[in-house]
Amino acid sequence: MAECKDPRECGGDRAVDDMPELSDGDDDEMDDEEQWMEEDEEDSQSVTCLFCDRLLSSVTATLQHCTAEHHINLVDVIRKHSLDDYGYIKMINFIRSTNCSTSSLTALPDAPLPWESEVFLRPVLQDDPLLQTDPEELCGSDGSCLSSGPESHDALQRRAQAAEERARCSEEALARAMDDLHKLKLLAQGLVLNAETGKPGKLGAVAELREDEDEAYFSSYGHYSIHEEMLKDKVRTESYRDFMYRNPEVFKDKVVLDVGCGTGILSMFAARAGAKKVIAVDQSEIIYQAMDIVRSNQLEDKITLIKGRIEDIKLPVEKVDIIISEWMGYFLLFESMLDSVLHARDLYLADDGSGWILGGTLPVIYPDLCNVSLAALGDVQKHQDRIGFWDDVYSFNMACMKKAVVPEAVVEVVNADMLISEPAVIQTIDCNRVCLSELEFVSDFSLKITNTTECTGIVGYFDIFFDKGCSNKVMFSTGPQFTKTHWKQTVFLLETPLPVQAGEELSGKITVRKNKKDPRSLFVTFDLRDRKQTYILQ
Ligand code: SAH
């Protein structure tokens, strides 16, 4: 009681110097109470009785007066009809506005109550202290406050329970508020990141959790079409096949883990190449097809298929000798599947004694080496089609659209004739050594220009090597000079073309980082001469 400063918390029974009965005889409590009464005297408000013109010094005094003079216990009415805050407020205003008799109140049916209309939410008296009182508190302090002894103890208990309940509700509200705040933070982050690219923020995406994004990612691999496209990509699939079939000594009697097996093609190559056991893992529904495929090819004794995220499942073996995976995304790192392969590497790849970290020959991840390369593009026609187009659209200027178009990196097949520089490798990744943090990087580059023309963009691509411990090394490139693959190339268009001279070095800096909001997408920033542009790959 001594700490109670809010009139609603105190049941409105303030400045009760005329109410010695409130004491339960406890000296300490009495002291507290006296102090409390002193504090409250200053801001006490008189209360007009509900049934006569008398002014009372407090809400409790008013209730007492109603009981003594008008023979109605309002707390009983509140309890009988289980009135909540609104019901109580409406009752007070109903009584004041209708001047109803006390007998009509005691004889009320359970329902409907005469004050059900919203009209009674409007206060009849201005600053009516009765309306500032919590009915729950009144119920905890009614009769019990007016007498002493065990009833007063019950009232205190009820009050404590009510306070506990309020605390619980507040905690829940706080938890909800914290959750909302977290979502808002995500929204703000998303807006800031998108602002960098000039793309509008997607409000709907805010609520999307990482898990939902992963679900969408894996469900895209559940459909046959994406696997058909990959299997029909001969450069890709035959490279994996050739590497395994031409290097059987690498696979002989080895335990192989296939991270993201899809239809099971790589697992079957490995089995045919002589692996003792292949464990094939995939989270997407395609693995059910892989199960049939493996059986149809009588490889079920060699290949064990497990559905699940490699990060979540437990393998039936402690360690494996080799990890194979086709994890590459556009511009190599889009999709971030390499993260999962590195997770498997750190968990399951056996140490061959010399240790893969120290450059031991086996065991290994295949493919083991990857290069990311850039070259300058001089495709004025295409630039005009994509960017210049917005300058005059049916004679209207829509140039502002360029700010939305340019930041989206384009995945398309580039005509090698449009290259105007020699290529430059900007990053080499050794899958056996690289750590997660190195998958985001900054790299200076220099492109040796071969034609005097206008540079309209930069093209990015990657090369893949099956190298370590192989007597017959295999590689493939996704560059514009080679047979096209389903990865095509990634084009970063400049907003305005850059004049370049044959023989000059066009130097710049590239920054590759994950989109924190959607770690499967990438932000790529180019600093080229005095220009800076961030692109998103999603
Ligand atoms: N190896 C197959 C499929 C490659 S596509 C082939 O070469 O044809 C990549 C596959 O990896 C998809 O089927 C995808 O569902 C799966 N994948 C990606 N991340 C994974 C993870 N963390 N755990 C399990 N499977 C994953």
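Tutor: The second largest cavity holds about 80 Å³ of space. A cavity is a set of points, on a 1 Å grid over the protein atoms alone, where a 1.4 Å probe fits but cannot get out. Its volume is the space filled by probe spheres set on the points, which are joined across faces, edges and corners. This is a predicted model: local features need pLDDT of at least 70, side-chain atom pairs count only at pLDDT 80 or more, and totals for chains, interfaces and linings use all residues. Residues are numbered from 1 along each chain as its sequence is written, and side-chain values use heavy atoms, with hydrogens and water left out.

Student: Which residues line the second largest cavity?

Tutor: Among them are L377, D379, K382, R386 and E412; lining residues have an atom within 4 Å of a point. The elements giving two or more residues to this lining are α17 (380-386) and β14 (489-500). Helices (H or I, at least four residues) and strands (E, at least two) are DSSP runs, numbered from the N terminus.

Student: Now the ligand: which residues come nearest?

Tutor: Of the 21 residues around the ligand, R236, G260, D282, I310 and E311 come nearest. A residue counts as near if one of its heavy atoms lies within 4 Å.

Student: What lies 2.8 Å from an oxygen atom of the ligand?

Tutor: That is a polar side-chain atom of R236. In the side chain of E311, an N or O atom is 3.0 Å from a nitrogen atom of the ligand.

Terms used. 1 Å grid on protein atoms, 1.4 Å probe; cavity = no way out; pocket = protein on both sides within 12 Å on 5 of 7 lines; lining within 4 Å. Polar contact = N/O pair within 3.5 Å; in protein donor to acceptor, adjacent residues only side chain to side chain.
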